[in-house]
Amino acid sequence: MMNINTHLVTANIYLVMLFISLAIIFATLDNENKRVASLKALMTRLFTTRTTRLAFIMFWWWVGIHFLFATIHHR
Amino acid sequence: MQRLKRGFSYWTVAFLVTTLLQFFRGSPLDALVFSSGTLILLISSFYPKVHMPGKGFKLAATWGGPFAFALLVTFYLIPRHDQWMAIILWTLFPVVLVLAWLGPHRAPKMSDPRLQRAQHIWIEWALIVCFWEYAANIIGQLAASNEAFPTISLVMDPLMDKTLGKFVFTAVWLWMGYNLLFRLNRGQEEADDEH
């Protein structure tokens, strides 16, 4: 039976997800794409609502405290 | 993101679900942050809007860059998990919250189909990423080991323990924060009644 390293597969899928995200960002970066607006144009539109701003900024802050201060438990 | 109905946002639901997940995985700090976030989003949905004068916002943006650089140096010098890290970050929390709260409220309609398509793509993509991350999290809780299906945190943790890893993360994180607070969150002259 084939022994699959699930840790490696899961971690590499995150990496693939990162590359796909970057591909979408760069494909629309100049906002010249006829079908899809750039991420910056979308974010600028979304940031006109307070709830969206608060949600993004609180999530951003949590990422900071999570990685810089909190202890991540490995089991 | 669309509102479910006036005064209530899908963001509140997203934060509530994440709060429940943090309780499930037994992480009190994260549960505190996300439950506070849920409460703040609920308050934001019903509280009358307050606007920051353009001048005040420009002043904050002027000092935002040098302040972010000072934070980068400070975080580089302070060891990870140090209590000073928590003190500085918790002090920062109300500041960024106020800047986010008081930002512009002018909301043009999402009439451009390009924007609508971009929104659909990013929401669907974010849901896929969240599903994978949450699934890894839940499987890790149910299994004896969380290393078999690691979360993003577990994958990044060893990198963050390295000086270069921590420095790169902090620089990118502060750059994103500066952009979120001051580049996308620019003051505008008019305001409407959208939350």
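Is B:Phe182 buried or exposed? B:Phe182 is buried, with a relative accessible area of 11%. This is a predicted model. Over all chains, the structure holds 13 aromatic pairs.

- Helix α3 of chain A (residues 50–68) packs against helix α2 of chain B (residues 28–46) at an angle of about 165 degrees. Their axes are 10 Å apart.
- Angles over 145 degrees count as roughly antiparallel. The helices α3(A) and α2(B) are therefore roughly antiparallel.
- The crossing of α3(A) and α2(B) is right-handed.
- On the chain A side, the contact includes A:Arg50, A:Leu54, A:Met58, A:Phe59, A:Trp62 and A:His66. On the chain B side, B:Asp30, B:Val33, B:Phe34, B:Gly37, B:Ile40 and B:Leu41 are among them.
- By class, the residues of this α3(A)–α2(B) contact divide into 10 nonpolar, 5 polar and 2 charged.
- A:Phe59, A:Trp62, B:Phe15 and B:Phe34 are linked into a cluster by ring pairs. Of these, A:Phe59, A:Trp62 and B:Phe34 also take part in the helix contact.

**Aromatic pairs in chain B**

- The structure holds 13 aromatic pairs over all chains. In one of them, the rings of B:Tyr76 and B:Phe167 have centres 5.7 Å apart and planes at 85 degrees, so the pair is edge-to-face.
- This pair links distant parts of the chain. B:Tyr76 sits in helix α3 of chain B (residues 54–77), and B:Phe167 sits in helix α7 of chain B (residues 163–183), 91 residues apart.
- B:Tyr76 is partly exposed, at 44% relative accessible area. B:Phe167 is also partly exposed, at 34%.
- The rings of B:Tyr178 and B:Phe182 have centres 5.3 Å apart and planes at 50 degrees, so this pair is tilted.
- B:Tyr178 and B:Phe182 lie 4 residues apart in helix α7 of chain B, so about one helical turn separates them.
- B:Tyr178 is partly exposed, with a relative accessible area of 25%, whereas B:Phe182 is buried.

**Two residues of chain B**

- B:Asn137 lies in helix α5 of chain B (residues 113–142). B:Asn137 is buried, with a relative accessible area of 7%.
- Leaving out residues up to four places away in sequence, B:Asn137 touches B:Leu21, B:Arg25 and B:Thr151.
- B:Ile88 lies in helix α4 of chain B (residues 83–101). Leaving out residues up to four places away in sequence, B:Ile88 touches B:Leu71, B:Thr74, B:Phe75 and B:Ile78.
- B:Ile88 and B:Ser35 are 53 residues apart in sequence. In space they are 21 Å apart, C-alpha to C-alpha.

Terms used. Residues numbered from 1 in each chain as written. Chains lettered and ligands numbered in written order. Predicted model: local features only at pLDDT ≥ 70, side-chain atom pairs only at ≥ 80, totals over all residues. Heavy atoms only, no water. Axes fitted to C-alpha atoms, helices over the stretch in contact; angles between N-to-C directions. Parallel < 35°, antiparallel > 145°, perpendicular 65-115°, else oblique. Left-handed = near helix turned anticlockwise from the far one by under 90°. Contact = heavy atoms within 4.5 Å. Nonpolar A, V, L, I, M, F, W, Y, C, P; charged D, E, K, R; others polar. Buried < 20%, exposed > 50% of the residue type's maximum accessible area, 1.4 Å probe, protein only. Phe/Tyr/Trp six-rings, centres within 6.5 Å; stacked < 30°, edge-to-face > 60°.
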